[in-house]
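Welcome, and please open the model in your viewer. We will start with the whole chain and then select a few residues at a time.

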Amino acid sequence: MTKQEFLTELRDAVSGLPKKDIEENIDFYSEIIDDRIEEGKKEEDVISEIGAVKDIATQIIADTPLVKIA
């Protein structure tokens, strides 16, 4: 999976959150990926190390206050 595919899937998975929260999380994971690539790791390896999009999205949603979701 490429960085762009990962970020697109993540964006889709958290689409119910406020736009600001979505963008903050996308920016966060984009920066993590970029930093690890700059350290010399392969893009596909970095994505694998980060984890499954579904698991990340579940955690992001769980960490978001209910007031923001409702």
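Begin with everything shown: of the contacts (heavy atoms within 4.5 Å) between residues at least 6 apart in sequence, 60% join residues at least 24 apart. This is a predicted model, where local features need pLDDT of at least 70 and side-chain atom pairs count only at pLDDT 80 or more, while totals for chains, interfaces and linings use all residues. Residues are numbered from 1 along each chain as its sequence is written, and side-chain values use heavy atoms, with hydrogens and water left out.

Now switch to a cartoon view. You will find 5 helices and 0 strands, in the order α-α-α-α-α from the N terminus. These elements are DSSP runs numbered from the N terminus, helices being H or I of at least four residues and strands E of at least two. Along the principal axes, the C-alpha atoms fill a box of roughly 40 × 20 × 15 Å. Buried residues make up 30% of the 70 residues; buried means under 20% relative accessible area, exposed over 50% and partly exposed in between, with a 1.4 Å probe and protein chains only.

Next, select Phe6, Leu10, Val14, Tyr29, Ile50, Ile56 and Ile60. Within the largest nonpolar core, which has 16 residues, these touch the most other members. Such a core is a set of buried Ala, Val, Leu, Ile, Met, Phe, Trp, Tyr and Cys residues joined through side-chain atoms within 4.5 Å. Helices H1 (3-13), H2 (19-38), H3 (43-50) and H4 (53-63) each give it two or more residues.

Centre on Tyr29. Which residues does Tyr29 contact, leaving aside its neighbours within four places in sequence? They are Phe6, Leu7, Leu10, Ile50, Ile56 and Ile60. Tyr29 is buried because its relative accessible area is 15%, whereas Phe28 counts as partly exposed at 46%.

The whole structure has 2 aromatic pairs. Phe28 and Tyr29 form an edge-to-face pair, 5.0 Å centre to centre with 90 degrees between the planes. Rings of Phe, Tyr and Trp (its six-membered ring) pair if their centres lie within 6.5 Å; planes under 30 degrees apart count as stacked, over 60 as edge-to-face and the rest as tilted.

Finally, select H2 and H3. They pack at an angle of about 130 degrees, with axes 9 Å apart. From H2, the contact uses Tyr29, Ile32, Ile33, Arg36 and Ile37; from H3, Glu43, Val46, Ile47, Glu49 and Ile50. Axes are lines fitted to C-alpha atoms, for helices over the stretch in contact, and angles run from 0 to 180 degrees between N-to-C directions.
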